[in-house]
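The sequence and structure are shown first.

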Amino acid sequence: MSGTDQKHHDEAPVIRIINKRGHGGGHHGGAWKVAYADFVTAMMALFIVLWILGQDEATQKAVANYFRDPQGKSLILSGQGPLDKSSSMSIRRESGVDPSLLDLKGDPLRALEEEAENLRLMIQQEPELQKLQGQINIEVTPEGVRVEINESQNHALFETGSARLSPELTEALRTFGEQFGKLGNPLIIEGHTDSAPYAATSSMSNWELSTYRANEARKVMVEAGLPGSQIFMVRGFADRKPRFNDGADPRNRRISMLLLSAEGLRIAKGVTYAPPTPSSGQPENQR
């Protein structure tokens, strides 16, 4: 062994310490948890789909209707898919679906929503109403169920400056009159115009015109069987409550019908307070 080799042999070995930092991945990180959660979610979705496919038709429609309108307040008719009246009306009784799934809308508006649903189904089935389906809107408010029929570019409901109703509107009002008579709710009928003014020399204005149109609608519905005693009010709003922002838009010409709820009737009568509820077990003459 040479001197140089002996020198290197006697030197202490060099110890290198290497710190390996983690990269936040692998089984020491949290990425696997995300992947596992995605996998479980996907499996759950798969099982739900398989469960739905194994149910009868009524249950499938009940589930589809719930996800289509979970709150039951989107009642614009245009764009909705077809519904089977017999199945959808009997879902709650016959489907066997957990009632809690169908009772999520349990609130004071539920009865109104069911009435609105019945009207929606009627429009889809009645040929005379199908002609105006894209022009009929149904909304549920605490005051009641509001049904509006407005003009479109293809279907004018009134002659310009006249209260004369088109044949399509007349037939639609007759159908609604028959149905409203079965429901029995007090009814308010309203007329609306666009903002196009009459000539300054005319004795007419949009106020008269909107009121005349509402009254013509009343006549048609009464002739179709709506009890006159059921009509609470007929009124015209001229162009003061446009449905579309442009007041001159002809679609603002419309007939509005409000089936009053108990709350709506109270408001319409101008009652600003709710009458006290008699307490049970206490004689009336002692309250």
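## Sheet architecture

Strand 1 and strand 2 (residues 144-150) are paired in the antiparallel sense over 6 bridges. Helices (H or I, at least four residues) and strands (E, at least two) are DSSP runs numbered from the N terminus, and two strands pair if DSSP finds at least two bridges between them. Within this pairing, Asn137 has Glu148 of strand 2 as its bridge partner. The model is predicted: local features need pLDDT of at least 70 and side-chain atom pairs count only at pLDDT 80 or more, whereas totals for chains, interfaces and linings use all residues. Residues are numbered from 1 along each chain as its sequence is written, and side-chain values use heavy atoms, with hydrogens and water left out.

The open sheet is formed by 5 strands in the order 1-2-5-3-4, with mixed pairing. Its edge strands are strand 1 (136-141) and strand 4, each of which pairs on one side only. From one strand to the next, the twist averages 15°; axes are lines fitted to C-alpha atoms, for helices over the stretch in contact, and angles run from 0 to 180 degrees between N-to-C directions.

Strand 3 (residues 187-192) and strand 4 (residues 231-236) run parallel and are joined by 5 bridges. One of the residues involved is Leu187, whose bridge partner in strand 4 is Ile231.

## Helices on the sheet

Helix 9 (residues 167-183) packs on the sheet and touches strand 1, strand 2, strand 3 and strand 5 (254-260). The direction of helix 9 makes about 5° with that of strand 5. Contact here means heavy atoms within 4.5 Å.

Strand 3, helix 10 (residues 206-223) and strand 4 make a right-handed β-α-β unit. A crossover is right-handed if, with the strands pointing away from the viewer, the path from the first strand over the helix to the second runs clockwise. Helix 10 lies across strand 3, strand 4 and strand 5, and runs at about 150° to strand 4.

## Nonpolar core and aromatic pair

The largest nonpolar core has 33 residues. Such a core is a set of buried Ala, Val, Leu, Ile, Met, Phe, Trp, Tyr and Cys residues joined through side-chain atoms within 4.5 Å; buried means under 20% relative accessible area, exposed over 50%, and partly exposed in between (1.4 Å probe, protein chains only). Among the residues with the most contacts inside the core are Leu119, Val147, Phe176 and Phe180. Elements giving two or more residues to this core include helix 7 (110-125), helix 9 and helix 10.

The whole structure contains 1 aromatic pair. Phe176 and Phe180 form this tilted pair, at 5.6 Å centre to centre and with 35° between the planes. Rings of Phe, Tyr and Trp (its six-membered ring) pair if their centres lie within 6.5 Å; planes under 30 degrees apart count as stacked, over 60 as edge-to-face and the rest as tilted. Both Phe176 and Phe180 are buried. They are separated by about one helical turn because they are 4 residues apart in helix 9.

Gln179 lies in helix 9 and counts as buried because its relative accessibility is 17%. Beyond its neighbours within four places in sequence, Gln179 is in contact with Leu119 and Met122.

Pro186 is found in the loop between helix 9 and strand 3. With 24% relative accessibility, Pro186 counts as partly exposed. Pro186 and Ile231 are 45 residues apart in sequence and 5.7 Å apart in space, C-alpha to C-alpha.
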